[in-house]
Amino acid sequence: VAARSPRGTMSVPDETSLRAAFDAAGQSHVFKHWDKCSLDERASLLQQLSEIDLDFVTSVFTRSMRDHTNGVSSNGAIEPVVPDADASDSDNAGKWHRAGLKAAKNGELAVVLLAGGQGTRLGSSAPKGMYDIGLPSGRTLFQLQCERLLKLTKMAEELVVEGDDDDQDTNPEPGDPEPKVKVTVPLYVMTSPFTHRETKHYFESHDFFGLPKESVAFFLQGWLPCFSEEPGEEPGGDDKTKTGKILMKSKHEIATAPDGNGGVYKALELNGCIDDMTKKGVKHVYAYCVDNAAVQVGDPTFVGFCALNGFQAGAKVIKKAYPDEPVGVFTRRDGKVHVVEYSEMPDDLNTAVDESGNLKFDAANVVLHYYSLAFLKKCCDLRGEVQSELAYHVARKQIPSVSDDGDATETPQENNGVKLEAFIFDVYAFCDSVGFLNGTRGIDFAPVKNKEGTGKDSPDTARQILSTLHRKWIENAGGAVSGDETSPIEVAPAVSFDGNDVAFKEFVNGKSFATGSCLETNSWILSKAVGAGSRKRA
């Protein structure tokens with residue numbers, strides 16, 4: 001998976017046709033050091049060049065640079081987004097929750113996991129999803145999230161559907177007559193060239209954490225060439241129509257960069273995931289990022305909220321913790337939904353408050369997204385409006401590039417090129433109907449971005465968020481937690497998805513559990529109440 005799309009015509013690495021195509025596009029310099037390349041290096045370069053759709057990348061560069069230069073992304077006044085509802089709404093939350101479970105039960109729900117990043121800032125070169133945040137069980141992010149998805153399928157299997165009465169009990173008593181039907185929610189995992197092989201092996205070596213093997217698909221994030229801003233005249237253009245030059249990293253290798261998490265749409269299409277969803281009868285898609293330890297994977301309340309209201313797309317947002325918190329916020333400009341990054345938000349708007357003294361621009365984006373399949377298809381259509389008009393974000397960088405003589409790769413002291421990336425939320429501007437549900441920071445968001453001990457968006461802060469949440473579940477169910485309060489308590493996903501499971505409440509009620517332990521299964525709860533050892537598992 002790379003910069004190509006089916007619109008291109010080069011499918012076989014053929015020197016003659018590639019030379020002609022790149023020469024016609026004003027990019028003949030990619031062959032500058034051809035004579036110095038070995039046979040293997042020539043083959044490698046031809047393969048990389050064959051994966052580039054020149055029309056696509058040239059168009060992306062031209063419109064992105066134009067929009068960046070003209071400040072299109074920040075033109076016009078912005079208005080705050082006010083969430084349509086709150087996930088804690090006691091009058092509707094049960095109805096939404098049931099509708100989400102019903103979508104899963106009917107095979108209409110799919111999940112997309114963005115997992116291309118490495119744990120570099122965490123001090124690890126492994127895929128970020130393989131990171132153990134220090135819970136008593138030793139669960140990694142991947143394991144936590146897959147087990148939550150598995151629990152969601154079990155909850156959907158238990159759902160009793162009689163007609164279309166959305167007010168029915170979402171936790172039916174044992175013994176209901178309707179036979180269980182096995183529920184599967186397909187999971188599409190986006191990786192990167194740096195994480196793909198290791199991520200696949202990790203899932204395979206752990207039996208997909210209980211998920212059916214055939215329900216999990218891995219697909220690669222795309223890439224784009226890096227460009228210099230030296231003018232390269234477009235074919236048939238005048239002096240004002242210029243495009244950049246593709247940067248070469250070495251004599252036989254193009255300088256490339258990932259196309260951003262917004263590249264997920266193109267990657268879903270190119271890898272056949274959209275066709276697969278269609279064949280499976282999927283109607284609703286939930287997407288999230290791997291570095292959120294608290295994410296309710298497939299969140300039935302959020303999915304049901306969007307589905308029942310007929311939204312084409314949706315976002316579950318949380319309130320900003322403080323005015324200059326480094327998170328993007330959802331806004332509207334000319335009626336269209338945009339996310340303004342924290343670095344781009346004017347100070348006066350960051351601190352603006354409403355009549356009640358609350359922050360006006362308060363709908364923080366934490367990448368908890370919903371799509372109807374119809375809108376997702378629109379986003380992924382390689383010939384459609386979104387992919388043809390979407391402008392990528394421009395980042396000027398110091399990009400290692402080939403020396404003039406072709407013998408070395410040099411890292412410049414100043415910015416010498418441009419990297420382009422799309423963000424996953426950019427497509428919301430193309431949506432006519434976006435729903436916003438207000439979530440809760442301590443329930444929906446526990447980011448894992450920085451090293452242990454930094455005290456901000458780190459494993460220790462995520463661990464504390466989960467422990468506080470799980471303690472609340474236990475205490476609300478009539479149980480108690482004893483022991484060192486600095487030591488975490490954990491409830492395994494198989495035991496409870498959100499603390500509201502009837503079986504969980506029945507087993508926890510009247511019992512006490514030790515910190516430093518994990519409630520793994522019902523039988524484990526009965527046998528290990530109080531005194532469980534640190535990081536104990538069934």
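Ala, Val, Leu, Ile, Met, Phe, Trp, Tyr, Cys and Pro are counted as nonpolar, Asp, Glu, Lys and Arg as charged, and the others, Gly among them, as polar. The model is predicted: local features need pLDDT of at least 70 and side-chain atom pairs pLDDT 80 or more, while totals for chains, interfaces and linings use all residues. Residues are numbered from 1 along each chain as its sequence is written, and side-chain values use heavy atoms, with hydrogens and water left out.

Cavities were examined on a 1 Å grid over the protein atoms alone; a cavity is a set of points where a 1.4 Å probe fits but cannot get out, and lining residues have an atom within 4 Å of a point. Points are joined across faces, edges and corners, and a volume is the space filled by probe spheres set on them. The count is 2 cavities of 30 Å³ or more.

The largest cavity has a volume of about 100 Å³. Its lining comprises 13 residues, with Arg148, Ala294, His470, Trp473 and Phe497 nearest the centre. By class, 9 are nonpolar, 3 polar and 1 charged. Helices (H or I, at least four residues) and strands (E, at least two) are DSSP runs, numbered from the N terminus. Helix 5 (141-158) and helix 14 each supply at least two lining residues. Helix 14 has the largest share, 4 residues.

The second largest cavity has a volume of about 40 Å³. Val112, Val264, Tyr265, Leu268, Val285, Ala287, Tyr371, Leu376 and Ile424 line this cavity. Helix 7 (264-270) and strand 12 each give two or more of them. Helix 7 gives the most, 3 residues. The lining has 9 nonpolar residues and no polar or charged ones.

His284 is found in strand 12 (residues 284-289). His284 is buried (under 20% relative accessible area, with over 50% exposed and partly exposed in between; 1.4 Å probe, protein chains only), at 11%. Its side chain makes a polar contact with the side chain of Tyr370 at 2.7 Å. Such a contact is a pair of N or O atoms within 3.5 Å; within protein, one must be able to donate a hydrogen and the other to accept it, and residues adjacent in sequence count only if both atoms are side-chain atoms. Beyond four places in sequence, His284 is in contact (heavy atoms within 4.5 Å) with residues including Ala103, Val303 and Tyr371.

Asp275 is found in helix 8 (residues 273-280). Asp275 is partly exposed, with a relative accessible area of 46%.

Technical notes. 1 Å grid on protein atoms, 1.4 Å probe; cavity = no way out; pocket = protein on both sides within 12 Å on 5 of 7 lines; lining within 4 Å.
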